[in-house]
Amino acid sequence: MPTCSEARAGLISLLRGVEHFNTEVFPAKQTLFAALADGQSPNALFIACADSRINPSLITQTEPGDLFILRNIGNIVPAYGEMLGGVSSAVEYAVAGLGVSAIIVCGHSDCGAMKALLAPEKSGLDKMPTVRSWLRNAEAARAALGDLKAEDAGPANVRSLSEQNVLLQLSHLRTHPAVVAAMSRGTLFLQGWFYDIGTGEITILDEQTRKTTSIPQAIASLEVLPA
């Protein structure tokens, strides 16, 4: 836990950042922000973990207005009707209100939520009842890996669980009425990603084979689809 002085210094650092944005960054992008002032028309809903190391706009090289971003512990989307609230309303608004054409669910390496699923006692979930309840929406992903023990929570198994979790959340998305309707019209694509923080590599999770493919392979497969 930070000391009082460290906490104060952290807040001052954020304010210095805002100051720089106001004096340097905003003026350089004033035309863009002027165009965004009266509305938004993002291309995609990007569902990511709340982990501070994940920056959706940076890894996709997008500008403000391009992504409608939804972040939570473990990049989770409860099945429709399970936990109606912030996540379900964001999905519904993005698809039915904003008309996004893609939904990305992005998992990542060294995910604390996945570590907690693998080793709940070691992760201190007994002191975080709300987090424990939330992670029930990912239990089926853990079950897909078989009978793992807390000592199995190494990087490889954390990655495997993260990938299984992305696939699970994609299936949960397909229970949401707005998503089903848009997909039936052919105007919405769903895709799962895995982001390796240490290498910067992003791989695409194939729902049919449940294996990963590269970015170039994913692009090639999309380019041959009929218009």
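Where is C49 found? C49 sits in strand β1, residues 44–49, with helices (H or I, at least four residues) and strands (E, at least two) taken as DSSP runs and numbered from the N terminus. The model is a predicted one, so local features need pLDDT of at least 70, side-chain atom pairs count only at pLDDT 80 or more, and totals for chains, interfaces and linings use all residues. Residues are numbered from 1 along each chain as its sequence is written, and side-chain values use heavy atoms, with hydrogens and water left out.

At 5% relative accessibility, C49 counts as buried; the cut-offs are under 20% relative accessible area for buried, over 50% for exposed, and partly exposed in between, with a 1.4 Å probe and protein chains only. Setting aside residues up to four places away in sequence, C49 touches I54, R71, N72, G74, N75, C106, H108 and C111, where contact means heavy atoms within 4.5 Å.

What about disulfides? A disulfide is a covalent bond between the sulfur atoms of two cysteines. Here one is called when a pair of cysteine sulfur atoms lies within 2.5 Å, and by this rule the count comes to zero. C106 is buried, with a relative accessible area of 2%, whereas C4 is exposed at 63%.

H108 belongs to strand β3 and is buried as well, with a relative accessible area of 1%. Leaving aside neighbours within four places in sequence, H108 is in contact with C49, D51, R53, I54, S162, F194, Y195 and I197. Two of those residues, D51 and R53, turn up again with D110 and K115 in a network of salt bridges.

The structure holds eight salt bridges, each being a side-chain nitrogen of Lys or Arg within 4 Å of a carboxyl oxygen of Asp or Glu. In one of them, the side chains of K29 and E63 meet at 3.1 Å, N to O. K29 lies in the loop between α1 (4–28) and α2 (30–36), and E63 in the loop between α3 (56–60) and β2 (67–72), so this pair ties together parts that are 34 residues apart in sequence. K29 is partly exposed at 31% relative accessibility, and E63 is partly exposed with a relative accessible area of 36%.

Another salt bridge joins R174 to E207, with the closest N and O atoms 2.7 Å apart. R174 is in the loop between α8 and α9 (177–185) and E207 in the loop between β5 and β6 (212–213), so the pair links parts that are 33 residues apart in sequence. R174 is partly exposed at 34% relative accessible area, and E207 is partly exposed at 23%. A further pair, R159 and E163, meets at 2.9 Å, N to O. Both residues are in helix α8 (residues 155–173), four residues apart, and are therefore separated by about one helical turn. R159 counts as partly exposed at 25% relative accessibility, while E163 is buried at 16% relative accessible area.

On to the pockets. On a 1 Å grid over the protein atoms alone, a pocket is an open set of points with protein on both sides within 12 Å along at least five of seven lines, and lining residues have an atom within 4 Å of a point. Points are joined across faces, edges and corners, and a volume is the space filled by probe spheres set on them.

The largest pocket has a volume of about 600 Å³. Its lining has 23 residues, with F189, L190, Q191, I204 and L222 nearest the centre. The elements giving two or more residues to this lining are β3 (102–108), β4 (189–195), β5 (202–205) and α10 (215–223). By class, the lining divides into 14 nonpolar, six polar and three charged residues; Ala, Val, Leu, Ile, Met, Phe, Trp, Tyr, Cys and Pro count as nonpolar, Asp, Glu, Lys and Arg as charged, and the others, Gly among them, as polar.

The second largest pocket holds about 170 Å³ of space. Its lining includes C49 and D51, along with residues such as G112, A113 and A116. Helix α5 (residues 112–118) supplies the largest share of this lining, three residues. The classes here are eight nonpolar, two polar and one charged.

Definitions and conventions: 1 Å grid on protein atoms, 1.4 Å probe; cavity = no way out; pocket = protein on both sides within 12 Å on 5 of 7 lines; lining within 4 Å.
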